[in-house]
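Biologist: I've got the sequence and the fold open on my screen. Can you walk me through a few spots?

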Amino acid sequence: MSADFNGARQIEVPDGLFGERVDIALMRLLGLSRTRAGELVGKGGVLVDGRPVTKGDRLQPGAVLQIDTDLLTDQALTDQALAGGGSEGESSLDPGPGLAVLFEDDDVVVIDKPVGVAAHPSPGWAGPSVIGALAAAGHQIATSGAAERQGVVHRLDVGTSGLMMVAKSERAYTSLKRQFRERTVDKMYHAVVQGLLDPLRGTIDAPIDRHPTQDYRFAVVSGGKPSVTHYETLEAFAHGSLVQIHLETGRTHQIRVHTSAMRHPCVGDLTYGADPVLAAKLGLKRQWLHAVRLGFKHPGSGEWICVESQYPADLIVALERLQEGA
C-alpha cells in the first residue's frame, strides 16, 4: 500500500487514545461505526506513522494517523462535508450521527448536536464525537486545549441535543473561553421536568460537585463549585412542565442536577431520578433537554452572533404526548 493518498488527513492521536485499538480510535475520532472503521482499515485507508496497520493494532504515544479521505468519503461523508462545509450560514455535516453546521467562519463553527454524540473523545467513550466528526469533514480546529479537546470551549452531555460551538482559530479559543469565564455567553435551554415548579420562575443557586458515593453522577454538595441556574415555566401539563433555562455557570450536568435537587428531574433522566414509567409512555430514551439558543460576541468582528436550534423528533413526540394528557 502506498503512503501517497490522493486525499489525506493527518490526525495526531490524543492522549486519551494512547494504547487504544485503531478501529476504536477511528470510531471516536471520526464518528464512524466500528464496522465502518474496520472496513476503512481493511481497504488500506489508514496509515500510522506512515506504515500500514490492522484494525486491532494499538496506538502508541505520539503516533500520527494518516487517513485516505477518498475512501472515507465512501464510508461516511458527503462530498460537501469533506470539502469543508464551508461558509457562514447553514450547511451540511453528516458523518453518520447527523450533525449539522448552523454557523461557520474562519474563527468559529456552531453545530446542532444530536443525542448520542459526545463533545470530544474520552477514555470511557467509544461512540462518535463532535471533534471527530468535524475533523473527518475537513474543518479546521484550534490547537489550544488538551489534545483530545482541542478547540472545545464548552460541552454538551452525550444525552443532550442542541447547540455547541468549537473554536477554529487560536484567537477564537482565547476569546470564547474568556466569555464563558466572564458569563457573557447566552446559553438558553428548554427542558421538560416532572411536575410543576414552585415558584414558576426563579433561580437555583446551589453548589455542584461529583456525587460522594456514585462518581458517574454529580450532586448539590456543600463546598462544591458555585452553580447558578435561572428558569421560567413556559407551559404546564398534567405530568410535567416545559421550562426555559438560562445557565449563568456551566457545571457538568448542571441543569439535570439542579432540577433533580428540586425534586423535578428532567423527564426521561433516569440517572437523576426521573420516573421510568412516564419516560416509556412518552417514548423517551434520554432526558428531555435541548440547547435551543447560543449567543456570543464574535472573537474577530465583535458582532453579537445568535444561533437557534429546533427540537429534534424524539423531543417533539414526547412533548406532544404530554400536551395530549399522557
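This is a predicted model: local features need pLDDT of at least 70, side-chain atom pairs count only at pLDDT 80 or more; totals for chains, interfaces and linings use all residues.

Biologist: Is Gln-254 buried or exposed?
Modeller: Gln-254 is found in helix H7, residues 254-261. Buried means under 20% relative accessible area. Gln-254 has a relative accessible area of 2%, so it counts as buried.

Biologist: How many of the eight residues of H7 are buried?
Modeller: H7 is mostly covered. Among its buried residues are Arg-256, His-258 and Ser-260. The count of buried residues in H7 is seven.

Biologist: In helix H9, within what arc do the buried residues fall?
Modeller: H9 spans residues 313-323, and Leu-315, Ala-318, Leu-319 and Leu-322 are buried there. Seen down the axis of H9, they line one face of the helix, because their directions fall within an arc of 100 degrees.

Biologist: Which helix is included in what covers the buried residues of H9?
Modeller: The cover includes strands S8 (161-167), S9 (186-194) and S15 (289-297). It also includes a helix at 276-282, namely H8.

Biologist: On to salt bridges. Which side chain does Lys-168 meet in a salt bridge?
Modeller: Lys-168 sits in the loop between S8 and helix H6, and its partner is in strand S6, 64 residues apart. Both residues of the pair are buried. At 2.7 Å, N to O, the partner is Glu-104.

Biologist: How far apart are the closest N and O atoms of Arg-171 and Asp-107?
Modeller: Arg-171 is in helix H6, while Asp-107 is in the loop between S6 and strand S7. Asp-107 counts as buried, at 5% relative accessibility. The closest N and O atoms of this salt bridge are 2.9 Å apart.

Biologist: How many residues apart in sequence are the parts that Arg-183 and Glu-248 tie together?
Modeller: Arg-183 is partly exposed at 40% relative accessibility, and Glu-248 is partly exposed at 30%. Arg-183 lies in the loop between H6 and S9, and Glu-248 in the loop between strand S14 and H7, so the pair ties together parts whose separation in sequence is 65 residues.

How values were computed:
Residues are numbered from 1 along each chain as its sequence is written. Side-chain values use heavy atoms; hydrogens and water are left out. Buried means under 20% relative accessible area, exposed over 50%, partly exposed in between (1.4 Å probe, protein chains only). Helices (H or I, at least four residues) and strands (E, at least two) are DSSP runs, numbered from the N terminus. The arc is that of the directions from the helix axis to the C-beta atoms. Contact means heavy atoms within 4.5 Å. A salt bridge is a side-chain nitrogen of Lys or Arg within 4 Å of a carboxyl oxygen of Asp or Glu.
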